[in-house]
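Student: Could you take me through this model and show me how its features should be read?

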Amino acid sequence: MTDYDRDPAAEPPPVRETERTTIIHDTGDRGGGGGVVLALLVIVVLIAILFFLFRGSFSQTSRETGINVNLAAPAVKVPDINVKVPDVKVTVPKVVVKTEDQGGNSAAGR
């Protein structure tokens with residue numbers, strides 16, 4: 001596409017590249033992920049060490065202390081109270097429910 005105020009015949013045609021050479025300079029700085037893996041490993045080991053230190057597993061006291069204390073339990077006296085509960089008879093009135101049978105379940109039973 002050309003500009004509207006220029007004569008396309010007066011300008012030379014544009015030069016198009018048909019071949020291109022790309023030069024890649026390899027500097028040898030291939031930074032792999034080894035440093036990142038090492039850093040993560042160090043962090044995990046530090047967290048594990050701190051966990052064991054602050055959990056108290058390395059600072060436990062002796063399981064057998066050699067202390068034997070025998071104390072007599074205090075005598076607890078419970079008062080002897082006889083509570084007499086009167087016998088109560090409860091009577092429930094009989095309730096009969098009559099329903100119409102509509103081909104389904106009924107509440108009155110047959």
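**Reading a helix and its surface**

Tutor: Let us start with one residue of this predicted model: L50 has a relative accessible area of 45%, and therefore counts as partly exposed, since only values under 20% are called buried and those over 50% exposed. L50 is found in helix α1.

Student: How many residues does α1 have, and how far does the helix reach?

Tutor: Helix α1 covers residues 34-55, which is 22 residues, and the distance from its first C-alpha to its last is 32 Å, close to the 32 Å expected at 1.5 Å a residue. The protein chain holds one helix and zero strands.

Student: How many residues of α1 are buried?

Tutor: The count is zero among its 22 residues, so that α1 is hardly covered. For the protein chain, buried residues make up 0% of the 110 residues, and the accessible surface comes to about 12500 Å², of which 58% belongs to carbon and sulfur atoms.

Student: Which residues form the nonpolar patch on the surface?

Tutor: In general, an α-helix has 3.6 residues a turn, so residues three or four places apart point the same way. Here the patch consists of L38, L41, V42, V45, L46, I49, L50, L53 and F54, which together have about 900 Å² of accessible area.

Student: What does a search of the whole structure find in the way of aromatic pairs?

Tutor: A pair of aromatic rings is described by the distance of the centres and the angle of the planes. The search finds one such pair: the rings of F51 and F52 have centres 5.5 Å apart and planes at 65°, so the pair is edge-to-face. F52 is itself partly exposed, with a relative accessible area of 35%.

Terms used: Residues are numbered from 1 along each chain as its sequence is written. This is a predicted model: local features need pLDDT of at least 70, side-chain atom pairs count only at pLDDT 80 or more; totals for chains, interfaces and linings use all residues. Side-chain values use heavy atoms; hydrogens and water are left out. Helices (H or I, at least four residues) and strands (E, at least two) are DSSP runs, numbered from the N terminus. The expected span of a helix is 1.5 Å times one less than its number of residues. Buried means under 20% relative accessible area, exposed over 50%, partly exposed in between (1.4 Å probe, protein chains only). Patches are made of residues with over 30% relative accessible area and no salt bridge: like charges are joined within 9 Å, nonpolar side chains (Val, Leu, Ile, Met, Phe, Trp, Tyr) within 5 Å. Accessible areas come from the Shrake-Rupley method with a 1.4 Å probe; for residues, only the protein chains shown count as cover. A salt bridge is a side-chain nitrogen of Lys or Arg within 4 Å of a carboxyl oxygen of Asp or Glu. Rings of Phe, Tyr and Trp (its six-membered ring) pair if their centres lie within 6.5 Å; planes under 30 degrees apart count as stacked, over 60 as edge-to-face and the rest as tilted.
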